[in-house]
Amino acid sequence: RVSVVAIDIPIGLPDTGRRQADVLAKLEIGRLRSSVFMTPVRPALEADDHPSAVVLNRELAGEGVSIQAFGLRSKVFEVERFVRSPACEDRTVLEVHPEVVFARMNGAPLTDRKKTWAGAETRRTLLAEHGLVLSGGGDLAGVDVGVDDVLDAAATAWTARRHTQGESESLPATPETFTDGWPSAIWV
């Protein structure tokens, strides 16, 4: 039985401004901070198109919305529905950012991007050092999944395991709560 689910998608959408979780995650990962996008405000993600989202986010948060962030809106709302579904009544769902996890495992921000050979190897080594050994292709022949996606999934699993052991931490230390009622934090 799964008691903790860790997901690399924002949970808890701000009404105005920036989420502290995003600001702190950027600080935690240093030069790779561009991998953390600022979560748009809820009205921007509910907009019909990207230009409208940009206008709304500028009004409510003082900055635009990247096309990438806007493109994730269907996933953000899919996760929101999942988190509030009966499937999650007796389990904990955590937002996790893999680059924050890898920086924490390393004791310092990483410098190589995850899609490079050095970056992938560093992340695989860190996972192994923390008890998550990934090797071989197993039954994945023909499956269209990137190496970086597997590494990210393992990093989120590490945080879920830490949470079940009472060792996880949240950024910020006290999650923010917006009008959607969901505690907003990135866990590591």
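## Pockets, a cavity and helix packing

The largest pocket holds about 580 Å³ of space. Its lining has 28 residues, and Asp8, Ser35, Phe37, Gln68 and His97 are the closest to its centre. The structure is a predicted model.

By class, the lining of the largest pocket has eleven nonpolar, five polar and twelve charged residues. Two helices, H5 (73–83) and H6 (98–106), each supply at least two residues of this lining. Which helix gives the most to the lining of the largest pocket? Helix H5 does, with three residues.

Rolling a probe the size of a water molecule over the atoms shows where empty space is left. The count here is one cavity of 30 Å³ or more. The largest cavity has a volume of about 70 Å³. Its lining includes Pro10, Ile11, Gly12 and Leu13. Val76, Val79, Glu80, Val83 and Arg84 also line the largest cavity, as do Asp180 and Trp182. By class, this lining divides into seven nonpolar residues, one polar residue and three charged residues.

**Helix against helix**

Two packed helices are described by the angle between their axes and the distance between the axes. The table gives both values for two pairs.

| Helix pair | Angle between axes | Distance between axes |
|---|---|---|
| H7 and H8 | about 30° | 10 Å |
| H6 and H7 | about 65° | 10 Å |

Take H7 and H8. Helix H7 spans residues 117–129 and helix H8 spans residues 147–164. Angles under 35 degrees count as roughly parallel. At about 30°, H7 and H8 are therefore roughly parallel to each other. H7 passes H8 in a left-handed crossing. On the H7 side, the contact is made by Ala120, Arg123, Arg124 and Leu127. On the H8 side, Val147, Leu151, Ala154 and Ala155 take part. This contact of H7 with H8 has six nonpolar residues, two charged residues and no polar ones.

Now H6 and H7. The crossing of H6 past H7 is left-handed. H6 contributes Glu99, Phe102, Met105 and Asn106 to the contact, and H7 contributes Arg123, Leu126 and Leu127. By class, the contact of H6 with H7 has four nonpolar residues, one polar residue and two charged residues.

Arg123 and Leu127 of H7 take part in the contact with H8, and Arg123 and Leu127 of H7 take part in the contact with H6. Helix H6 packs with H7 and also supplies at least two residues of the lining of the largest pocket.

Key
Residues numbered from 1 in each chain as written. Predicted model: local features only at pLDDT ≥ 70, side-chain atom pairs only at ≥ 80, totals over all residues. Heavy atoms only, no water. 1 Å grid on protein atoms, 1.4 Å probe; cavity = no way out; pocket = protein on both sides within 12 Å on 5 of 7 lines; lining within 4 Å. Points joined across faces, edges and corners; volume = space filled by probe spheres on them. Helix = DSSP H or I, 4+ residues; strand = E, 2+ residues; numbered from the N terminus. Nonpolar A, V, L, I, M, F, W, Y, C, P; charged D, E, K, R; others polar. Axes fitted to C-alpha atoms, helices over the stretch in contact; angles between N-to-C directions. Parallel < 35°, antiparallel > 145°, perpendicular 65-115°, else oblique. Left-handed = near helix turned anticlockwise from the far one by under 90°. Contact = heavy atoms within 4.5 Å.
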